[in-house]
Amino acid sequence: MKEKLYIIKIGGALIDDEELLEEFLEQFAAIQEKKILVHGGGKLATTLADKLGIEQKMVNGRRITDKDTLDLVAMVYAGGINKNIVAKLQQKKCKAIGFSGADANLIKAKKREDAEIDFGFVGDITEKGVNKKLISKLMKLDLVPVFSAITHDKKGHLFNTNADTIASVIAQALSIKYEVELLYCFDKEGVLEDVNNPESVIRNISEEEFSLLKNEGKLHKGILPKLENALGAVKNKVNKVFLIKETELKNHIENHHAGTEICL
């Protein structure tokens, strides 16, 4: 029987709210099973970019990363945010250890190639780029990996990589060894049929339902990368995938009643 592993992704809205972040990390630290945390930090990076006069461009919820933006997000994601989260988890007696993909060659990426859009220093990853043996060894030492959204190409270059993708691909890579449950935690109760009605949670979404909702324009562009990566995880043998509200982590772990489950 495979050992249980939770892979949990959080984003900028939670990271920017000190009180909510503390509450979430308290719940995360209390999880008894093996666990990995993946974080973004887009809102903080955007705020700092505005202050520094670095123009930001987004396409379908994904950031275009020029050299100045890469320097910025590496500093914010792999530096300030990552170490702040790790320090808070130590306070909660959780033996967290923070990483970018470049550390110990844990996540190798390839520069994104697109015929229509130059995404700049954006890296795409696959299961083969995840050093699953070393990640497993870290967890055997009762360490809790905390991944930022920075990867590398093993040629001396850093890349900005979507944190939703990192969580999904790590989940896929480790599903061979563990019973993986992937949780995308964000500021909604789940995927909403009506974005203004928190009670309109869609409890289950399949690939067919996702395509229908997308074609009908019922999905906010910001949630598209989450759903695309969630579906990719389910199709590649990740045991369970949910989108849940960040404050519902404890409730979900105990009862599995929160949020939206992604199905085949």
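Glutamine 172 lies in helix H6, residues 163-174; helices here are DSSP runs of H or I with at least four residues and strands are runs of E with at least two, numbered from the N terminus. This is a predicted model, in which local features need pLDDT of at least 70 and side-chain atom pairs count only at pLDDT 80 or more, whereas totals for chains, interfaces and linings use all residues. Residues are numbered from 1 along each chain as its sequence is written, and side-chain values use heavy atoms, with hydrogens and water left out.

**Glutamine 172**

- Glutamine 172 is buried because its relative accessible area is 10%, where buried means under 20%, exposed over 50% and partly exposed in between, with a 1.4 Å probe and protein chains only.
- Beyond residues up to four places away in sequence, glutamine 172 touches Glu127, Gly232, Ala233, Asn236 and Val238; contact means heavy atoms within 4.5 Å.

**Lysine 9**

- Lysine 9 belongs to strand S1, residues 3-10, and its relative accessibility of 7% is why it counts as buried.
- The side chains of lysine 9 and aspartate 164 are joined by a polar contact of 3.1 Å. Such a contact is a pair of N or O atoms within 3.5 Å; within protein, one must be able to donate a hydrogen and the other to accept it, and residues adjacent in sequence count only if both atoms are side-chain atoms.

- In strand S2, residues 34-39, six of six residues are buried.
- Lys34, Ile36 and Val38 point one way from S2, while Lys35, Leu37 and His39 point the other way.
- S1 and S2 run parallel and are joined by six bridges; strands pair if DSSP finds at least two bridges between them. Isoleucine 10 stands opposite histidine 39 in S2.
- S2 also pairs with strand S8, residues 144-147, in the parallel sense over two bridges, and leucine 37 stands opposite valine 146 in S8.

**Second largest pocket**

- The second largest pocket holds about 210 Å³ of space.
- Among the 13 residues lining this pocket, Gln32, Glu33, Lys35, Asp142 and Val144 are the closest to its centre.
- A pocket is an open set of points on a 1 Å grid over the protein atoms alone, where a 1.4 Å probe fits, with protein on both sides within 12 Å along at least five of seven lines; lining residues have an atom within 4 Å of a point.

Note on methods. Points joined across faces, edges and corners; volume = space filled by probe spheres on them.
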